[in-house]
Amino acid sequence: MTSPIAITVYITNSYPVFGRAFMRDEVVTVDAPMAAVMAEPDSLADWALDTLIEYSGEGPEYTHVHGVYAVVVTAAPTGYEALNGLVAYAEG
């Protein structure tokens, strides 16, 4: 098990059908990736998608609307600097 860490993320939720985009900065607490995950770029990308994309979205009123979601790590604690700039992206 890993320790929780606080990171700052920049979230963008775009809904092309409405021509609307929502952006915000947020500090979230997540389980830190293990050392083996940090060392492997593909594993780190998977960690980002599994861990960060849940912070995207604008709520139930947009559940059935096609959206494009991105979560970018903008600040990570000491020892986790490799997370800075990491992007989780999803569409659906």
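The conversation below takes some structural terms one by one and sets each against its cut-off.

Mentor: Before we start, keep in mind that this is a predicted model. The chain has two helices and four strands, and from the N terminus on their order is β-β-α-α-β-β.

Trainee: What makes N13 count as buried or exposed?
Mentor: The cut-off for buried is under 20% relative accessible area. N13 has 0% relative accessibility, so N13 counts as buried. Across the chain, 33% of the 92 residues count as buried.

Trainee: Where is N13 found, and which residues does N13 touch?
Mentor: N13 is found in strand β1, residues 4-15. Leaving aside residues up to four places away in sequence, N13 touches R20, A21, F22, R24, S56, G57, E58, V68 and Y69.

Trainee: Why is the link between the side chains of N13 and E58 called a polar contact?
Mentor: A polar contact needs a pair of N or O atoms within 3.5 Å, and within protein one must be able to donate a hydrogen and the other to accept it. The side chains of N13 and E58 are joined at 2.7 Å, so this pair is a polar contact.

Trainee: How do you know that β1 and β2 pair?
Mentor: Pairing asks for at least two bridges between two strands. β1 and β2 have twelve, in the antiparallel sense, so they count as paired. In one of these bridges, I7 has V28 in β2 as its partner.

Trainee: What about β3, and which strands does β3 pair with?
Mentor: Strand β3 (residues 68-75) pairs with β1 over seven bridges, in the antiparallel sense; here T12 stands opposite A70. Five bridges join β3 to strand β4 (residues 87-91), and these two also run antiparallel. There, V68 stands opposite E91. Strands of a sheet pair through backbone hydrogen bonds, either parallel or antiparallel.

Trainee: In what order do the four strands form the sheet, and why do β2 and β4 stand at the edges?
Mentor: The order in this open sheet is β2-β1-β3-β4, with antiparallel pairing. β2 and β4 each have a single partner strand, so one side of each is left without a neighbour in the sheet. On average, neighbouring strands are turned by 20° against each other, direction ignored. Helix α2 lies across β1, β2, β3 and β4, running at about 65° to β4.

Trainee: Why are F18 and Y62 called an aromatic pair, and what kind of pair is it?
Mentor: By the rule that ring centres must lie within 6.5 Å, the count comes to five aromatic pairs. F18 and Y62 form one that is 6.2 Å centre to centre, with 80° between the planes. Planes over 60 degrees apart count as edge-to-face, so F18 and Y62 are an edge-to-face pair.

Trainee: What makes this a link between distant parts of the chain?
Mentor: F18 is in the loop between β1 and β2, Y62 is in the loop between α2 and β3, and the two are 44 residues apart. Y62 is buried too, because its relative accessible area is 11% and the cut-off is under 20%.

Trainee: Which residues form the aromatic cluster?
Mentor: Y15, F18, F22, Y62 and Y69 form one aromatic cluster.

Note on methods
Residues numbered from 1 in each chain as written. Predicted model: local features only at pLDDT ≥ 70, side-chain atom pairs only at ≥ 80, totals over all residues. Heavy atoms only, no water. Buried < 20%, exposed > 50% of the residue type's maximum accessible area, 1.4 Å probe, protein only. Contact = heavy atoms within 4.5 Å. Phe/Tyr/Trp six-rings, centres within 6.5 Å; stacked < 30°, edge-to-face > 60°. Axes fitted to C-alpha atoms, helices over the stretch in contact; angles between N-to-C directions.
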